[in-house]
Amino acid sequence: MELALVVLVVALALGFDYTNGFHDAANAIATSVSTRALTPRAALIMAAVMNFAGALLGTEVAETIANSIVDLQDASSHTALVVVLCALVGAIAWNLITWWLGLPSSSTHALIGGLVGAGLAGGLGIYGSAIVDKVVLPMVISPVVGFGLSFFVMVGVLWIVRNSAPSRTTRRFRLAQTASAAAMALGHGLQDAQKTMGVIFLALLTVGWASPGEIPLWVKLASAAAISAGTYSGGWRIMRTLGRKIIELDPARGFVAESVSAIVLYVNAFVLHAPVSTTHTITSAIMGVGATKRLSAVRWGVAKNIAIAWVLTIPAAAAVAAIVYWILSPILT
């Protein structure tokens, strides 16, 4: 039974990773596509390659997911595997719902919400202080930093190019967006693929098939490949929301939004080891650069709908995961 559960958890985790890829493909390339800096297909190929590379750059976020959300130390391996399984179902369900609605919600918080909901339903302990420090605070702070930093950087860029020829400046920023979109895709792989690594690593730890602090190479490669394949498959519904519905972006604003988002992702991954949302980061950065035109240039009604999805993600995914646990637990025991 345990072998079957581990195989099922790994398969579901890679399935979640794939949905994460097509759900969040827009994070990396929506701005470049909307400003015509890159064609959609070229942007997707670039994002898929950079997602794969980013997934192999570190394991700090994966270890946070595996060790700082749910306390599985006193749980049986069977219970722990069922909890992880139900968490993945809750996260995948929320990803698919928000993808269908075209809302750029957070796959990160869907997974964390699923772990919390299934863990509570299974009577396990939750690392409340770690969740506050590494999830809740970054969830609040990262969008604020993304908005404020992108706003002020954009103001500085506008001042620097104030006397430049508009057509030449636009052309240069379109070229620069190739690099900024690649940096954003690398950060997305660095952050989001590691979350899947963390879940698979968690499952392997519960049955003694992995050593603490040593994520197997096959887990890294499989997670990288799954998110890369998902990214290549697209995510056009959410791409339209990020690229056009919040604000009509120009190449300069697209470049600044992507660059600031990438920096925020790298700092959280390498310095704070915090699993932050790439969706929250890029969306707030787009709003920040848009606000430099004028506050009314940002379509705040769309932004409000996105914010509602942000707030609902953790409790909604937790509720789905808890319900799934109550349904499956009697069957799988």
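In which helix is Asp17 found? Asp17 is in helix α1, which covers residues 2-34. Helices here are DSSP runs of H or I with at least four residues, numbered from the N terminus.

A word on the ground rules. This is a predicted model, where local features need pLDDT of at least 70, side-chain atom pairs count only at pLDDT 80 or more, and totals for chains, interfaces and linings use all residues. Residues are numbered from 1 along each chain as its sequence is written, and side-chain values use heavy atoms, with hydrogens and water left out.

Back to Asp17. Asp17 is buried but has no salt bridge. Buried means under 20% relative accessible area, exposed means over 50%, and partly exposed is in between, with a 1.4 Å probe and protein chains only. A salt bridge needs a side-chain nitrogen of Lys or Arg within 4 Å of a carboxyl oxygen of Asp or Glu. For Asp17, the nearest side chain of opposite charge is Lys195, 9.2 Å away. Lys and Arg count as positive, Asp and Glu as negative; His and the chain ends are not counted.

So what does the side chain of Asp17 reach? The backbone nitrogen of Ile227, at 3.4 Å. Setting aside neighbours within four places in sequence, Asp17 has contacts (heavy atoms within 4.5 Å) that include Asp192, Thr196, Ser223 and Ile227.

Now Lys195. Which residue is its salt-bridge partner? Asp192, with the closest N and O atoms 3.1 Å apart. Both Lys195 and Asp192 sit in helix α7, three residues apart, about one turn of the helix. Lys195 and Asp192 are both buried.

The structure holds two salt bridges. Asp250 and Arg253 form one of them, their closest N and O atoms 2.7 Å apart. Arg253 is buried at 8% relative accessible area, while Asp250 is partly exposed at 22%.

Next, the cores. A nonpolar core is a set of buried Ala, Val, Leu, Ile, Met, Phe, Trp, Tyr and Cys residues, joined through side-chain atoms within 4.5 Å. The largest one has 56 residues. Val9, Ile69, Leu81, Leu88, Leu115 and Val199 have the most contacts inside it. Elements giving two or more residues to this core include α1, α5 (107-121), α7 (166-206) and α12 (300-332). Which element gives the most? α4, with twelve residues.

Take Leu115. Beyond its neighbours within four places in sequence, Leu115 is in contact with Ile65, Ile69, Val70, Ala87 and Leu202. There is also a second, separate core of 17 residues. Among them are Met154, Val256, Ile282 and Val289.

Last, the rings. Rings of Phe, Tyr and Trp (its six-membered ring) pair if their centres lie within 6.5 Å; planes under 30 degrees apart are stacked, over 60 edge-to-face, and the rest tilted. A search of the whole structure finds two aromatic pairs.

Phe151 and Phe152 are edge-to-face, 5.3 Å centre to centre with 90° between the planes. Phe151 is partly exposed at 26%; Phe152 is exposed at 60%.

Phe173 and Phe255 are tilted, at 5.7 Å and 50°. Phe173 lies in α7 and Phe255 in α10 (residues 251-272), so this pair ties together parts 82 residues apart in sequence. Phe173 is buried at 13%, and Phe255 is partly exposed at 25%.

Methods. Polar contact = N/O pair within 3.5 Å; in protein donor to acceptor, adjacent residues only side chain to side chain.
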